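Hi,

Here is the structure I promised to pass on.

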Amino acid sequence: MRLTQRIVVIGGGVLGTMHAVAARRRGYEVVQLEREAEARGASVRNFGLVWVSGRRPGAELALALRARELWASLGAAVPGLHFRPAGSLTLATDDAELAVLKEAAALPDAVQREFELLDPAGVRAVNPALGGELAGGLLCRADAIVEPRLALPALRAHLAGPGYQWLPGREVTEIVPNAVRDHTGAWHQCDLVVLCPGAVFTGMVGHYLSSLARDGVRRVRLQMMQTAPLAQRLATAVADGDSLRYYPAYDLPGRGQLPPQAPVAERTKAQLLMVQRADGGLTIGDTHEYDEPFAFDVDSDAYDHLQARAEALLGAPIPRIQRRWAGVYSETTTGPALYHRSEPEPGVVLVTGPGGRGMTCSPAIAEETFT
Ligand SMILES: Cc1cc2nc3c(=O)[nH]c(=O)nc-3n(C[C@H](O)[C@H](O)[C@H](O)COP(=O)(O)OP(=O)(O)OC[C@H]3O[C@@H](n4cnc5c(N)ncnc54)[C@H](O)[C@@H]3O)c2cc1C
């Protein structure tokens, strides 16, 4: 069998970049092409949550825990990731939400997730910034935070040197055996192509994705915002009770007893997640839009709802909102699959569709590609 020496990675998002990291670690030469001047997709628009708490028991939790280990070791080697093992608090504001948290804390895998059920005083001892009215909270010590806007350049700086070439502003338009061509007409020879196109379902990628669509990969659009720096430190990431409706870890009997969501939250499929950035600002989201064509504008009602939820948990106004944006990820909808990996042609590996767990799981997904 011919040994793989040189790999072309297509896509400068977190999946492409983690594949570059994993390939270099195994001694392969890597050329990474990105169509934009810098990655602008889901990987830089997310919360930077390395999120173990909400994962489905079994394979999904195992993948997230392995990824969490890999993030921690990368964080030690690459300070620019700003990896923080800050943990998270999922907060209950009524008895029904608290009942779900109690059920989750009593499960056997609560140990792996490093769950601890806290009363309101316990929540404030861990995260004093949470001054609002609470019924309790579930601390997940396994959750962590990285800086999505800084992580990719930091990883590339870590890789810089012989054996790694970063080629931004190059859209790959053609793949043939052992080579890819970018839009400038340049050919890049290789033994293996790893294609990580994110939520781009058109162009050259569309050739492969037209069959994928039948296999079940969809796109999801989310709304996000970021505030000016909060004077106080938000010691953990924070999730509200609406997150119990979305994350598979909370698919427990008590979920059926949750009261209806606020109408705007139900319409926009909103949950509150809140993370403090390294510079003090709060990243706050999110919503979920599943039907295409997606809106091209952002919905203020959803932002008003998320702002009110954040302020209720903090018991104080949030700082001025400085940025609002939307992001789109691709998500496999195929049964128990956690992401899509296929070999549409010999020597071409397509990896996409990790959904809302892509930032978390990317290092472990890349590791699986090479094992
Ligand atoms: C708002 C939001 C919040 C999220 N929060 C979290 C979170 O906190 N934690 C978590 O685990 N996950 C989160 N996710 C999910 C996560 O961000 C994604 O699953 C992950 O970033 C996907 O990475 P990717 O590299 O596959 O895609 P992308 O980041 O979209 O990167 C794909 C790249 O490929 C490039 N490309 C495509 N086609 C070509 C071509 N032909 N030639 C060259 N380049 C090409 C694109 O330009 C793009 O830069 C969130 C997602 C969103 C949208």
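Thr236 is buried, with a relative accessible area of 2% (buried means under 20%, exposed over 50%, and partly exposed in between, using a 1.4 Å probe and protein chains only). Thr236 sits in the loop between strand 13 and strand 14 (237-239); helices (H or I, at least four residues) and strands (E, at least two) are DSSP runs, numbered from the N terminus. Its side chain and that of Asn127 are joined by a polar contact of 2.9 Å. By polar contact I mean a pair of N or O atoms within 3.5 Å; within protein, one must be able to donate a hydrogen and the other to accept it, and residues adjacent in sequence count only if both atoms are side-chain atoms. Not counting residues up to four places away in sequence, Thr236 touches Ala86, Gly87, Ser88, Leu89, Val126, Asn127 and Leu139 (contact is heavy atoms within 4.5 Å).

Before you read on: this is a predicted model, where local features need pLDDT of at least 70 and side-chain atom pairs count only at pLDDT 80 or more, while totals for chains, interfaces and linings use all residues. Residues are numbered from 1 along each chain as its sequence is written, and side-chain values use heavy atoms, with hydrogens and water left out.

Now the ligand. It is surrounded by 38 residues, and the closest are Glu34, Ser43, Leu49, Gly355 and Thr360 (a residue counts if one of its heavy atoms lies within 4 Å). An N or O atom in the side chain of Glu34 is 2.7 Å from an oxygen atom of the ligand. The backbone takes part too: a backbone N or O atom of Leu15 lies 3.0 Å from a ligand oxygen, and a polar backbone atom of Ala42 is 3.3 Å from one. The protein covers 96% of the 1,000 Å² of accessible area that the ligand has on its own (Shrake-Rupley method, 1.4 Å probe). Elements giving two or more residues to the shell include helix 1 (14-25), strand 2 (29-34) and helix 11 (358-369).

Leu49 turns up again in the largest nonpolar core, which has 72 residues; Leu49, Trp71 and Tyr250 have the most contacts inside it. A nonpolar core here is a set of buried Ala, Val, Leu, Ile, Met, Phe, Trp, Tyr and Cys residues joined through side-chain atoms within 4.5 Å. Helix 3 (residues 59-77) gives the most to this core, with 8 residues. Another core lies apart from it, with 25 residues, among them Leu89, Val123, Leu134 and Leu306.

Leu101, in helix 4 (residues 95-105), is buried, with a relative accessible area of 0%. Leu101 and Thr90 are 11 residues apart in sequence and 8.1 Å apart in space, C-alpha to C-alpha.

Arg341, in strand 18 (residues 340-345), is partly exposed at 31% relative accessible area. Its side chain makes polar contacts with the side chains of Tyr339 (2.9 Å) and Thr369 (2.9 Å). Arg341 and Ile365 are 24 residues apart in sequence, yet 9.3 Å apart in space, C-alpha to C-alpha.

Cheers
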